[in-house]
Amino acid sequence: MTSLGWAAAWRIARRDLHRQFRGLRLLLVCLFLGVGALAAIGSLTSAIRSELNGQGQVLLGGDLEVEVYQRPLSAEEVAFLSEYGELSNGLRMQAMVTHGDAAAPVELKAVEANWPLYGALTLADGSVAGDLPANGAWIAQGVADRLEVGVGDTILLGTLPLTVAGIIGEEPDRLSEGFSLGQSVIVGLDVPEAAGLTLPGAMYETKTRLRFSGNDDPSAVEEAILEAFPENGLDIRTRDRASPGAERFVSRMGEFLTLVGLAALVIAGIGIGGGVSSYLEGKRAGIATLKILGATSGDIARIYALQVGAAAVAGSLAGLAAGVLVTPLLANALGSLLPVSTDFVIDPLALLRALAFGLLVALVFAAPPILRARDFPAMALMRSRVAPISQGWRSAAVPVGLGMAGIALLALVGSPTPLLSAGFLAGALGMLLLLGVLGVAIARAAKRAPRPANPILRAALSNIYRPGAATGALVTALGFGLAAFVLLAAVQTSLDGNIRRSVPAIAPDYFVLDLPVARVGEFTALVEADAPGAEISVTPTLRGQVIAYGDPKSPTVVSELDELPDGAWALRGERGLTYSVALPQGNVLTRGEWWPAIYNGEPLVSVDEELARAADLKLGDIITVSVLGVQKTARIASFRRLDWESMGFNYVFVFSPNALADAPHNVAATISLPEGTEVPTLLRDLARAFPSSSVVEVGPILEEARRILDQVSLAILAAASVAVLAGIAVLLGAIAAARAARIYDTVILRVLGASRNQLLGLQLAEFGLLAVILAGVSLALGTGLAWAVITQLFEFDWLPDWPRILAVLGAGLALVLGFAFAASLPVLRAKPAQTLRTL
C-alpha cells in the first residue's frame, strides 16, 4: 500500500480543516493564553534589561563609581583614579530641610559642577538644569509640596539658608542610588560642610564617579583599584552593574513570571489534549472512510498532525501578537519602578522562546490522541458509541519524551535560577501524575462503591467510570484550577496577616540619624515633653570594614579571598557597627555569654548566627575591623539571632563598649508614639533643636513600600490570571469534549421517559460529586504549596485566613457547577428523533 506524501496529506488536511478552526478552538485559546503570557513576560524583562545595560553610564553617572563611608577619598586614592579619566566627587546623606513651621526629611545629594558626567538633570518645567548657583538647591516635587515652596523661595538645611533653584523633573542617576528614606535635594559639594553636617562621626557616603578618558575595561579598573587599596573599605560599581538591585529584581521577577506563564501552558496543555481528542472523536467517520479507501496509519497521522499543527501555529502566532501588544501596558504599570520604554518592544529571542514553548506543549499533549486515532481499526471507528478510542500512551512515548526534553531544555538554559526552574518542572510533572492517578482511583472507587438508592445519584456515579468517561480530564482540570485558587488565597491572606501583625506593632514612628552623643539627654527631654509616654531607643552608629576574622593564630584576611563564603555578605565592604551594654531588644542569644554591664577587659563582639555559620566562625575567634582607618580587634563572645522584621536597628556585629566607644561617632534613635497618638509639632521641634540631625517618618516610607508592593502584586496577579483563564478554558473544554456522548445518553434517557429536571440533576450530580471529592485534594495541595512559598521562600510566618480561603474554594466550586449547568443546556435541547437518525 502506497503512503501519501506530505503535499497530498496537506491538500486533504486543508480541505477538511474549517477556516475558523471549528473543533480546534480550545487548542487555539489555550495556546493563545500561554504563548501570549510568555511573550509579554519575555519582551518586558528583555526591554528592562536592555534599558539597564544601554543606559548603564547614565544610570550610574559614570563608567565607574567608588563609594566610601564617613570620609572623602584620600589624595592617594584621587591621584590613582585620576589616571583613568575625569572625576566627579559627590556626597550622599540623610538630612532635614525646613521652611517656616514645615519640615521634611530628605536625601541630600551634594555634587560637583561637572555632575552628571553622563546624562542631564531635567527640571519639572522640561528644561535642562544649568549650573547650580551658590547656596542654591534643586529639590524634588514632594519636598516642594511638603514645605509649600517654589522656585526662588528660601529653605533651611540645618541652619544654612538655601535658595530653591528649580524643581527636579528627572534625575539621571536616581535608580542607581537605591532605596532612600526621603526625596532628593541636590546642592553644591561644599554645602554639607558649611551646614555642619559632616563633623566627625556623621553618617554620610562619599560617591566619586569616574569617566574614562580611554577605552578601559571597567572590570579591569575595578580589580586594579582593589589591588592598590585592599583595606580602604572601597565599594565599587561599574557601568555594567549600574543598578544591581534593579537587575536582581528584574531577574527574579522575570523568572517567577516565566514560571507562571509555563504553569499556564501546562494547564493549557491539558486543554489541548482534551480539545484534540474531542476533535478527533468528531472526525471518526472521516478517519474510517479514509482507511477504507486505502489510507495508511501514517497517512492518518500526517493529515491530522498537519491540521492540529496549523491550528497550533495560528494560536501561537496570535499569542505572540497579543504579547507584543500588551507589553507597553505592563511597561507603563512598572514605569515608576524601573527604566523601561512604553513603546512596542519586539525581542526576537523572547518571542521565539515563547513560540517554541507553545509548540512543544502542543506536541506533548496533542501527539497521544493523534497516534491513538492512527492505530485504531476502521470498523472500530465506525462503532464509535460502543468502542471508544483506546487511551494508551505507549505509541506516543517518543514524541512526548522529545517534547518534554525540549521544554526542560528551554526552561533551564539561560535561567538565572536553574534549580528553581527544575523544581517547578518536576513539581508540575508530579502534580500531573498525581492528578492522573487520582482520576483513575476515583473511577475505580466509583465502580466499586455501593449503588445509591436514588436513581439520579446512581446514574451520576456510573457516568464517572463508564467507557469513554472524561473523568481523567475533568479531575486534572478541576484539580489544577481549584488548587490554584486556594494557593493564591492562602499566599495573599498569609502575607496580609504578617503585615498586619508585624508592621503596626513593631515599626517605630520616627528614625533619628546623626544625633550627637553629648545631646542625647536634651533629645530625650524634648521628645518626652512633646509626646509623653513615647518609647525612645538610642543606638551608637559607626561604619567599618571587616579586615580579618577567624582563628586568632592565623586569621583569614578578607582581601586575600578569591571569593567570600556563600552567605557571608557582611564581610563585603563597609557595614554598620555598634556597641551596647545590654543585649539589643529583639535579639536572642543562641550561644556564648553577654559581657557584664561594667566591663573593662579584652574587647568582645557578638555576631549574627547566620553569618557565623556562613563564615565558619567559632566562639573565641577574632574579628578585626577598620573604623575611620583605625584597626580594632575583638574576640567573639556570643552568637545572636536577629529579628530582621522588627524595623528597628539590627546589627550583624555588636561590640562591647570598650571596643568602639573611643571612635568618633554619633547615635541613632527610634521614637515610638503611644498608640493612637499624633504629635504634628514633633518633627518641626526636632528639626529646629537638632539641625544637623535627620528625622525620618516611617509612615510615608511604609506607604511607598506598599505602593511598590501593590505594583508588583498587580503584575503577579495579571500573570496568575492567565493561568486561571487557562484553567477555565480547560474546564470548559473538558465539559464540551464529552458533549457528544452526553447527547447520546440524554436522548436515550429521554426516550425512556426521563424528564428535563432529572437530566439536569444528573449532570449537576456528576460534576458535584467530582467537585466535592477534589475540593479536599485541592485544599491540601494549594495550602501545602502556599506554606512552602510563605515559610521557605519568603521566610514569613504561616498566617492564613482560613475563612477567606474556604470562601475562595467555595466560589471555585460554584464556578464549576455554573459551567456544568451552562454546558448542560445545549445537551437538554437535543431533539431525540433528529439525534437518533445521526447514530
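Two strands count as paired if DSSP finds at least two bridges between them. The exercises below use this cut-off on a predicted model.

**Exercise 1.** Which strands pair with S18, and in which sense?

Solution. 
- Start with strand S15 (residues 588–592): four bridges link this strand to S18 (residues 630–641), and the sense is antiparallel. Within this pair, Gly592 has Ser638 as its bridge partner.
- Next take strand S16 (residues 604–608), which pairs with S18 over five bridges in the parallel sense.
- Then take strand S17 (residues 622–627), joined to S18 by six bridges and running antiparallel. In this pair Val627 lies opposite Val630.

**Exercise 2.** What do S17 and S18 form, and which residue in the turn has a positive phi?

Solution. 
- The two strands form a hairpin, with two residues between them.
- Leu628 sits in the turn, and its phi is about 55°.

**Exercise 3.** Glu148 and Asp514: is each residue buried or exposed?

Solution. 
- Most residues other than glycine have a negative phi.
- Glu148 has a positive phi, near 55°, and is found in the loop between helix H5 (141–147) and strand S6 (154–157). Its relative accessible area is 68%; exposed means over 50%, so Glu148 is exposed.
- Asp514 also has a positive phi, near 55°, but belongs to strand S11 (residues 510–515). Its relative accessible area is 5%; buried means under 20%, so Asp514 is buried.

**Exercise 4.** Which residues does a cis peptide bond join?

Solution. 
- The bond joins Trp115 and Pro116, with omega about -10°.
- Pro116 is placed in the loop between strand S3 (102–111) and strand S4 (122–123).

Technical notes:
Residues are numbered from 1 along each chain as its sequence is written. This is a predicted model: local features need pLDDT of at least 70, side-chain atom pairs count only at pLDDT 80 or more; totals for chains, interfaces and linings use all residues. Side-chain values use heavy atoms; hydrogens and water are left out. Buried means under 20% relative accessible area, exposed over 50%, partly exposed in between (1.4 Å probe, protein chains only).
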